[in-house]
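Welcome, and thanks for taking a look at this one with us. Please have the viewer open as you read the short briefing below.

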Amino acid sequence: MLETENLGKTYPTGDEALRDVSVRIDGREVVAMIGPSGAGKSTFVRCINRLVEPTTGSIRLDDTELTALDDDELRDARRNIGMVFQEYNLVERLTVMENVLSGRLGYVSNWAALRRNFPPEDVERAYELLELVGLNGMEDKRVDELSGGQRQRVGIARAVVQEPKILLADEPTSSLDPETSRDVMELLTDIADDRDVPVLINIHEVDLAEAYADRILGLHAGELVFDGSASNLTDESKGVIYRGEEPPESTATDPDWLSGPDDESSARNGQDAGSDRLPAED
Amino acid sequence: MATESSSPTGSTGAADRRTWRRPTAFRNRYTKWAVYGAVLALIAWSVASLRITPGRFLSGIGYGYELIDSMLPPETGSEYTLRLFDRMIETIAMAMVATVAGIAISLPVAFGAAENISPKPTYYLSRGTISATRAIDGLIVAIIAVIALGFGPLAGIVAISFKTIGFFSKLFAEDLEDIDMGGVEAVRATGASRFQSLVYGVVPQVVPRFAGLAVYRWDINIRSSTIVGIVGAGGIGVLLQRAYQRYEYDYVAAILVAIIAVVLVAEFVSAVVRRRVQ
């Protein structure tokens with residue numbers, strides 16, 4: 001279970017990338033976070049494993065308060081958070097197997113890491129995952145010989161081999177063609193089901209989000225302006241997310257488009273939106 | 001500057017064409033010509049103050065001809081050749097040891113001097129070390145080493161190792177700064193320690209560059225180890241110096257031929273290895 005409360009990030013340059021984002025993600029949910037470029041999607045995902053340090057708010061993963069951890073504790077906590085990247089972020093000159101096994105580095109000694117000496121159960125798990133993502137027999141290929149889709153599968157295997165409590169994906173399809181993008185989304189949703197782990201995907205292709213996600217979060221200018229199921233994502237809500245339009249009056253009687261599965265993750269729409277239309281809590 | 005072309009009523013007439021000139025890197029054209037003039041004057045002054053007259057130049061050519069004449073044919077007597085061979089082995093051995101020692105010292109300095117993986121204080125300390133070792137020329141270091149450690153190859157090894165640090169650390173640090181940090185970030189995000197992300201994320205990316213640079217520096221060190229002997233720091237330079245002093249110019253020629261041969265072979269090996277690893 002991942003829960004963020006009033007999460008905010010202001011970069012040293014003064015840019016406020018994220019403001020008061022409160023979200024709760026549970027079970028085996030596939031959650032897609034959509035929004036225009038610069039809305040803070042990446043910042044949000046990166047705050048969760050503190051690749052970016054949040055400036056305000058809190059993040060809880062199960063019972064661990066992530067924002068309060070020191071370096072050593074953070075390393076332990078990161079083992080429970082799998083992450084898939086837009087540019088795959090593999091180590092190009094290493095083999096597929098080494099890249100997958102790097103997901104287990106948090107559990108082995110420095111010496112073992114140097115000698116690539118992983119416990120047999122880790123290696124077995126890595127083989128199983130390579131089969132799952134459709135890369136059987138590729139373990140000794142160097143990653144820079146692979147296609148984009150294959151690389152992203154290695155990235156996914158690396159994240160899943162961690163046996164994480166949550167899987168984060170930061171624009172996992174942006175560098176892929178449409179066909180491969182769908183394969184990758186399918187793989188991610190399958191993993192959520194099979195492994196019983198929630199998946200948070202930040203994505204700018206709305207159709208993919210609608211097709212594969214159980215739930216959609218909409219960010220606009222660093223604020224959460226939509227939280228609901230994919231079927232509730234109307235043209236009006238897209239207008240709110242992508243163009244910062246004020247929600248039309250008619251939706252005031254139908255709060256469903258704005259409110260999420262629970263009250264905690266309610267959306268706020270900044271200064272310009274009438275607060276009467278929003279599930280106010282403070 | 002000047003605004004000759006602007007008419008008070010605006011720019012509608014055909015007579016009022018706008019002109020354009022490429023902007024100069026200097027503030028304006030007068031400055032530009034002043035700088036060019038100053039540079040020329042400086043060169044002229046340098047030539048004049050050295051007092052190299054055409055007559056002096058011609059007599060110099062005459063001496064040169066005599067020198068080459070006395071160098072030919074190179075000395076190939078077996079005793080001379082044996083001594084040459086002996087010193088050449090020492091030269092190559094010096095270069096080898098100095099390369100290994102220099103690179104061993106360079107590695108921590110290089111990692112420290114890579115801005116993307118090193119904390120700020122370490123970064124400045126390492127950059128300072130690099131600049132200091134680069135500032136002093138190899139021969140000066142060799143002279144100091146000879147004074148400190150006495151004549152012989154040990155002084156040469158110390159001097160060449162010292163010069164290796166500045167070169168190798170600087171270039172290797174630049175390679176480290178050029179790596180793709182994405183992979184490193186991902187490794188860090190799995191919960192790996194600092195050391196683990198270094199050996200798993202950073203090192204694999206720079207191994208080929210490391211090998212290439214090491215061989216390149218080895219080939220430079222072979223050249224350096226032929227010269228440090230001039231100041232008594234071991235190697236074939238000692239022999240060369242002695243031959244000059246005894247006016248054995250035919251032996252000098254033999255030594256030069258040997259140096260050229262060894263350096264060419266080293267350069268060839270270095271080029272082949274570097275092409276292979278990259």
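How far apart do the end C-alpha atoms of residues 92-114 of chain B lie, and what share of the span is helix? In this predicted model, those end atoms are 31 Å apart, with 91% of the span in helix and 0% in strand.

**Annotated spans in chain B**
- An unreviewed UniProt entry gives "transmembrane region" for residues 33-52, 92-114, 139-162 and 251-273 of chain B.
- Residues 139-162 of chain B are 88% helix and 0% strand, and their end C-alpha atoms lie 11 Å apart.

**Where chain B meets chain A**
- The contact involves 18 residues of chain B and 23 residues of chain A.
- On the chain B side, α7 (181-189) and α8 (194-227) are the elements that give two or more residues.
- The largest share of that side, seven residues, belongs to α8(B).
- Sorted by class, the chain B side has eight nonpolar, eight polar and two charged residues.

**Confidence in chain A**
- Chain A has a mean pLDDT of 86, and 87% of its residues reach 70 or more.
- For residues 250-257 of chain A the pLDDT is below 50, and the model shows ten contacts for this stretch beyond near neighbours in sequence.
- Residues 259-282 of chain A also stay under 50 in pLDDT, with 41 contacts beyond four places in sequence.

Methods
Residues numbered from 1 in each chain as written. Chains lettered and ligands numbered in written order. Predicted model: local features only at pLDDT ≥ 70, side-chain atom pairs only at ≥ 80, totals over all residues. pLDDT = per-residue confidence, 0-100. Contact = placed C-beta atoms within 7 Å. UniProt positions renumbered as here; feature names shortened; annotations may be inferred. Helix = DSSP H or I, 4+ residues; strand = E, 2+ residues; numbered from the N terminus. Nonpolar A, V, L, I, M, F, W, Y, C, P; charged D, E, K, R; others polar.
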